[in-house]
Amino acid sequence: MPNTIKLRTDVFAKAARLAGFRSDYALAKAMDVNRSTVARVLSGELQPGPAFIGGALIALEPMQFEDLFEVVPAKA
């Protein structure tokens, strides 16, 4: 079965607050992605892609991949 990457939304949201980001817009700007992308990934409507993952790791440093994301089986 193929795998996919899932955002750990609770950890991501807490890390964003602790980093001082008070809105999806501010976080998206720091991640260099659209605000709608942040909102859609947080709601589960969209899976995190490479730009989102890379942006999150830069904007929320020193968080590591394993802190913010998990590898899970893809839903068929």
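Guide: The largest pocket holds about 200 Å³ of space. A pocket here is an open set of points on a 1 Å grid over the protein atoms alone, where a 1.4 Å probe fits, with protein on both sides within 12 Å along at least five of seven lines. Its volume is the space filled by probe spheres set on the points, which are joined across faces, edges and corners.

The model is predicted: local features need pLDDT of at least 70, side-chain atom pairs count only at pLDDT 80 or more, and totals for chains, interfaces and linings use all residues. Numbering runs from 1 along each chain as its sequence is written, and side-chain values use heavy atoms, with hydrogens and water left out.

The lining has 15 residues, each with an atom within 4 Å of a point. Nearest the centre lie Lys 6, Leu 7, Gly 44, Gln 47 and Val 72. Strand E1 (3-7), helix H3 (35-43) and strand E2 (69-73) each give two or more residues to this lining. Helices (H or I, at least four residues) and strands (E, at least two) are DSSP runs, numbered from the N terminus. By type, the lining has eight nonpolar, five polar and two charged residues. Nonpolar covers Ala, Val, Leu, Ile, Met, Phe, Trp, Tyr, Cys and Pro; charged covers Asp, Glu, Lys and Arg; the others, Gly among them, are polar.

Phe 52 and Phe 69 pair edge-to-face, at 6.4 Å centre to centre and 80 degrees between the planes. Phe 52 sits in helix H4 and Phe 69 in strand E2, 17 residues apart.

How values were computed
Rings of Phe, Tyr and Trp (its six-membered ring) pair if their centres lie within 6.5 Å; planes under 30 degrees apart count as stacked, over 60 as edge-to-face and the rest as tilted.
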